[in-house]
Amino acid sequence: MTVNVEIERVGLDCLLVRLFDQIDTRHVDVIMAFCEQLRDELADAVIDLTPSYTTVLVHFNDARTDEAHVREAIKRALEAAGQRAEASGQVHELPVWFDPRVGPELEVIADKAKLSVDEVIERHVSREYRVFALGFAPGFGFMGAVDEAIAMPRLSTPRKRVAAGSVGIAGIQTAVYPSALPGGWNIIGRCPTRLFDIKREGYTLYRAGDTVRFKPIDHATFLNHGGDDTPFEGARHD
Amino acid sequence: MTDSASCSITRLDGGCRVQDLGRFGVRHLGLGQGGGFDHLSLRVANALLGNAHTAPVLEITLGQVALTFSASTTVALTGADLGARLDHVPVSPGGCFVVEGGQTLMFDTPVQGLRSYLAVAGGFEVAPELGSVTALAREPLGGLHGEGDELTVGDALTYAPGFPSLRTQPDATRWSFDEALVLDVVVGLQAATFSGRSLFDAFNRPWCVDTRADSMGVRLEGPRLESRCASLVSEGLTPGVIQVPPDGAPIILGPDCQSIGGYPKFGAVTPYSLARLGQCCPGDTLHLRPVGIGLARARWAQWLGHLDGVESHGV
């Protein structure tokens, strides 16, 4: 497990631990186990642990510990993580109203994939996705991997505003926008579930390592769930 | 218990944000760190008044801001000289002064530096959310009303008037704006992905602060830097990291940077250099200098020593 791991210094109080070279959903459990072990090892000397696809950024409190001690703790946590990595994380089912009114790229992807809109939706919901990382904005989960047939590169010009709840595809990744944000993902539907709430325990619905399934719902159910069906500002700003 | 006094924003054409040292422990949920860009001047402002080092202050960027106080209190002003006047009487940054009820503190335009920090005795009364009052553009939390909104004219920040002794900022904690600016960089492993020519240029050629510089990042204009990795798998980021997008213009990440990203990076500026960068105006020239980790740590420890000196001064 520790053979190919690289530890990279980032400034004075961060170390980037590169556990893998390639993105692979099977790596997620090892990364999560490593984070858990390292938290135990370093306790309150950790300020932030940021897991991503293949790495974990360790921000330590240099008033309480030093880099050499953190490097030792990282090595011990890697050993332990390799031995105990097991399926981890919670499973969440997110309702999504897939419709061109709130998913301007639904038909674009269908055309490119030579599929019907219903087939695009079917391909998207037929998989379970792992959350690789949260980033960009609070509760924004980078998930993968989508069926290659419906994979789409980001828009060449990002939109200035993507509506809250928008479900998007970028390459083989999928994600839900937790709030209205600028963005360049291909939007195919809208989810009424709140993903970030400072009043909720843990603040975000899901975390890195969790599993997400999407479930198609109709317009009425979307509204019942409190969804906002304001049509998408389809115009890209180019 | 004193009646609540308030500081109202009566003009806001530049930038004005309620700030502290940022939000920690939630980066894995996708939140940025935020906090005042010149975190050292921010800390000094609070320390001069004997405030907690986490007390909320106002960060005024570029000037064109006016603040009217409802009741007398002591304030501290540090960081940039934005041509501040208290009812038309010039006030210089670098110490404390008393503001009387009804007086207006006006910030004009940058004379030296970019960001001023204004602390009131006891701190502005703003409730932190997830440990901080900072409000980032992408985030629905923090700020005066707790929803991440920017301050606007008419907003009022409350404070409990206090009158600690009027102290002056020690010279060791002031920025020198007269010398050529050099930022210390701790070089990282990914520097090896850059061409030798690019690394030579990075540390030997002057850089110019781009007009699009903001609290998310400061883009530098100069030679194009080339990495053989155009983009990487996204990985955790932290303020101070110098990343290089495919256009070859390096960006030094500011406190409001995203929590993950995928451009190659050749290092990170030290915490004191990051704070100093927060005082750079578009068009300013700077140099990058590689420093060994030992020297960088020693310089940072020296800074922390100066801060301790201000903070531990009897209150």
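Q: Where is A43(A) placed, and what makes its phi stand out?
A: In this predicted model, A43(A) sits in the loop between α1 (28-42) and β3 (46-51) of chain A. Its phi is positive, about 45 degrees, although A43(A) is not a glycine. Most residues other than glycine have a negative phi.

Q: What makes β5 and β12 of chain A edge strands?
A: The open sheet in question has seven strands in the order β5-β13-β6-β7-β10-β9-β12 (chain A), and its pairing is mixed. β5 (91-96) and β12 (186-190) of chain A each have a single partner strand, so one side of each has no neighbour in the sheet. On average, neighbouring strands of this sheet are turned by 35 degrees against each other, direction ignored.

Q: How do you know that β5(A) and β13 of chain A count as paired strands?
A: Pairing requires at least two bridges between two strands. Six bridges join β5(A) to β13 (residues 211-216) of chain A, therefore the two are paired. These strands run parallel. One of the bridges links V96(A) with its partner P216(A) in β13(A).

Q: What makes helix α4 of chain A a helix that packs on this sheet?
A: Helix α4 (residues 117-125) of chain A touches β6 (128-134), β9 (166-170), β10 (173-176), β12 and β13 of chain A. Its direction makes about 155 degrees with that of β13(A).

Q: How do you know which strands of the five-stranded sheet in chain B are at its edges?
A: The order of this open sheet is β2-β3-β10-β5-β8 (chain B), with antiparallel pairing. Its edge strands are β2 (15-19) and β8 (95-99) of chain B, each of which pairs on one side only. Neighbouring strands here are turned by 25 degrees against each other on average, direction ignored.

Q: Why do β5 and β8 of chain B count as paired?
A: Five bridges join β5 (residues 73-81) of chain B to β8(B), and at least two are needed, so the strands are paired. They run antiparallel. Within β8(B), C96(B) is the bridge partner of A76(B). Helix α1 (residues 39-48) of chain B packs on this sheet, touching β2, β3 (57-61), β5, β8 and β10 (112-120) of chain B.

Q: Why is the meeting of E67(A) and R297(B) called a salt bridge?
A: A side-chain nitrogen of Arg must lie within 4 Å of a carboxyl oxygen of Glu. The N to O distance between the side chains of E67(A) and R297(B) is 2.8 Å, so the pair qualifies. The count between chain B and chain A is two salt bridges, and twelve residue pairs are in polar contact. Of the elements of chain B, α4(B) gives the largest share of the side that touches chain A, four residues. That side divides into 18 nonpolar, eleven polar and six charged residues.

Q: How do you know how much area chain B and chain A bury between them?
A: Their buried area is about 3,100 Å², with 66% of it on carbon and sulfur atoms. In chain B, H28(B), L29(B) and I260(B) lose the most area to chain A, together 20% of what that side buries. The contact involves 35 residues of chain B and 41 residues of chain A.

How values were computed
Residues are numbered from 1 along each chain as its sequence is written. Chains are lettered from A and ligands numbered from 1 in the order in which they are written. This is a predicted model: local features need pLDDT of at least 70, side-chain atom pairs count only at pLDDT 80 or more; totals for chains, interfaces and linings use all residues. Side-chain values use heavy atoms; hydrogens and water are left out. Axes are lines fitted to C-alpha atoms, for helices over the stretch in contact, and angles run from 0 to 180 degrees between N-to-C directions. Contact means heavy atoms within 4.5 Å. Buried area is the accessible area (1.4 Å probe) that two parts lose on being put together, summed over both. A polar contact is a pair of N or O atoms within 3.5 Å; within protein, one must be able to donate a hydrogen and the other to accept it, and residues adjacent in sequence count only if both atoms are side-chain atoms. Ala, Val, Leu, Ile, Met, Phe, Trp, Tyr, Cys and Pro count as nonpolar, Asp, Glu, Lys and Arg as charged, and the others, Gly among them, as polar.
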